[in-house]
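Please read them beside the coordinates.

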Amino acid sequence: MSDMNVNGSDETLESEAFEAEPEADAFAPSPYPVDLRVKGERAVVVGGGRVATRKVTHLLAAGAKVTVVAPELDERLAAEADDGAIDWRCKPYATGDLDGARIVIACTDDQDVNHRVVADAEPGQLVNNTGDPSESDFFNVAVVEHGNLIFTVSSKGIDPALVRRVKQRLADALPDLLADAQ
Ligand SMILES: C[C@@]1(CC(=O)O)c2cc3[nH]c(cc4nc(cc5[nH]c(cc(n2)[C@H]1CCC(=O)O)[C@@](C)(CC(=O)O)[C@@H]5CCC(=O)O)C(CC(=O)O)=C4CCC(=O)O)c(CCC(=O)O)c3CC(=O)O
Ligand SMILES: NC(=O)C1=CN([C@@H]2O[C@H](COP(=O)(O)OP(=O)(O)OC[C@H]3O[C@@H](n4cnc5c(N)ncnc54)[C@H](O)[C@@H]3O)[C@@H](O)[C@H]2O)C=CC1
């Protein structure tokens with residue numbers, strides 16, 4: 001598998017996880033792959049930095065109602081809050097902030113807080129701890145959209161850097177790959 005090559009160049013996608021070392025597969029069995037419909041559902045994102053910005057962008061595109069809990073917001077999220085696109089609770093996370101959420105994403109730079117968010121979530125809430133895949137009900141995947149097609153890339157939470165590289169190659173290769181398929 002190590003010579004898998006999406007774009008036809010000589011470069012290979014080197015990765016320990018890609019070689020499927022038995023001890024690397026801490027998240028077996030594989031996750032159940034779905035496209036989750038979240039239109040109109042409440043999503044609570046705890047943390048307002050770079051990683052939160054990426055998650056919020058996808059949640060808004062999917063039509064979720066987004067609440068961000070954080071004492072500070074990155075520039076782009078601050079603009080979304082000013083526009084009324086997201087609800088911003090300008091404060092540190094506290095128990096109770098997850099009430100009414102269908103989806104919960106913990107992405108502060110304080111792993112104790114992220115852990116507390118996971119511990120506070122109700123059984124019916126889908127929770128993602130961006131700093132600890134072992135505590136997540138789901139993983140955020142890389143996305144390449146092409147017309148009505150959505151291509152997603154996941155490594156079962158094992159190797160996000162590899163996922164990012166593969167996404168880029170997929171995006172570069174898709175126009176040629178699909179030229180006579182549509
Ligand atoms: C488990 C998961 C949690 C989750 O569900 O979010 C997770 C976890 C972690 N990521 C880390 C690092 C980075 N992740 C990225 C990028 C992406 N990460 C994404 C998903 C996921 N990342 C989930 C698993 C997905 C899978 O593998 O199947 C993507 C695909 C989707 C998205 O985030 O929306 C998005 C690319 C999207 C795009 O390009 O479009 C970058 C690059 C960057 O930020 O620019 C870096 C910087 C490092 C680098 O580049 O090497 C660290 C180490 C943190 C540390 O130690 O500091 C952890 C924690 C850990 O692994 O323990
Ligand atoms: N899944 C992924 O794609 C990645 C995940 N990570 C994880 O995400 C974490 C955050 O990364 P960045 O967004 O780059 O950090 P950042 O420093 O840009 O943002 C951290 C945010 O957390 C907020 N925050 C801090 N304490 C808080 C509290 N008690 N309550 C609410 N909000 C609080 C801050 O105000 C800030 O908005 C990293 O520590 C790492 O664990 C890092 C890289 C990629």
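**Notes on the model**

1. Asp 97 has a relative accessibility of 6% and therefore counts as buried (buried is under 20% relative accessible area, exposed over 50%, partly exposed in between, with a 1.4 Å probe and protein chains only). The model is predicted: local features need pLDDT of at least 70, side-chain atom pairs count only at pLDDT 80 or more, and totals for chains, interfaces and linings use all residues. Residues are numbered from 1 along each chain as its sequence is written, chains are lettered from A and ligands numbered from 1 in the order in which they are written, and side-chain values use heavy atoms, with hydrogens and water left out.

2. Asp 97 sits in the loop between β3 (87-89) and β4 (103-106); helices (H or I, at least four residues) and strands (E, at least two) are DSSP runs, numbered from the N terminus. Leaving aside neighbours within four places in sequence, Asp 97 is in contact (heavy atoms within 4.5 Å) with Val 44, Val 69, Arg 89, Lys 91 and Pro 92. A polar atom of the Asp 97 side chain also lies 2.9 Å from the backbone nitrogen of Ala 94.

3. Arg 89 is partly exposed, with a relative accessible area of 32%, and Lys 91 is partly exposed at 28%. Side chains of opposite charge can pair when their charged atoms come close.

4. The structure holds three salt bridges. One of them joins the side chains of Arg 42 and Asp 87, at 3.0 Å from N to O. Arg 42 belongs to strand β1 and Asp 87 to strand β3, so this pair ties together parts that are 45 residues apart in sequence. Arg 42 is partly exposed at 23% relative accessibility, and Asp 87 is partly exposed at 40%.

5. Ligand 1 is surrounded by 22 residues, the closest being Lys 55, Asn 128, Asn 140, Ser 155 and Lys 167; a residue is counted if one of its heavy atoms lies within 4 Å of the molecule. An oxygen atom of ligand 1 is 2.4 Å from an N or O atom in the side chain of Lys 55. For the side chain of Asn 128 the corresponding distance to an oxygen atom of ligand 1 is 2.8 Å, and a polar backbone atom of Gly 157 is 3.0 Å from an oxygen atom of the ligand. On its own, ligand 1 has 1,100 Å² of accessible area, of which the protein covers 68%; accessible areas come from the Shrake-Rupley method with a 1.4 Å probe, and for residues only the protein chains shown count as cover.

6. Which helix gives the largest share of the shell around ligand 1? That helix is α4, with five residues. α1 and α4 (160-177) each supply at least two residues of this shell.

7. Around ligand 2 there are 21 residues, with Gly 48, Val 51, Arg 54, Tyr 93 and Gln 111 the closest. A backbone N or O atom of Gly 48 lies 2.9 Å from an oxygen atom of ligand 2. An N or O atom in the side chain of Gln 111 is 2.8 Å from an oxygen atom of ligand 2, and a polar side-chain atom of Thr 130 lies 3.4 Å from one. Taken alone, ligand 2 exposes 870 Å², and the protein buries 72% of that. Both α1 (50-61) and α3 (111-120) supply at least two residues of the shell, and the largest share, four residues, comes from α1.

8. Val 117 is in helix α3 and is buried, with a relative accessible area of 0%. Beyond neighbours within four places in sequence, Val 117 is in contact with Val 46, Tyr 93, Leu 98, Val 104 and Ala 106.

Methods
Polar contact = N/O pair within 3.5 Å; in protein donor to acceptor, adjacent residues only side chain to side chain. Salt bridge = Lys/Arg side-chain N within 4 Å of Asp/Glu carboxyl O.
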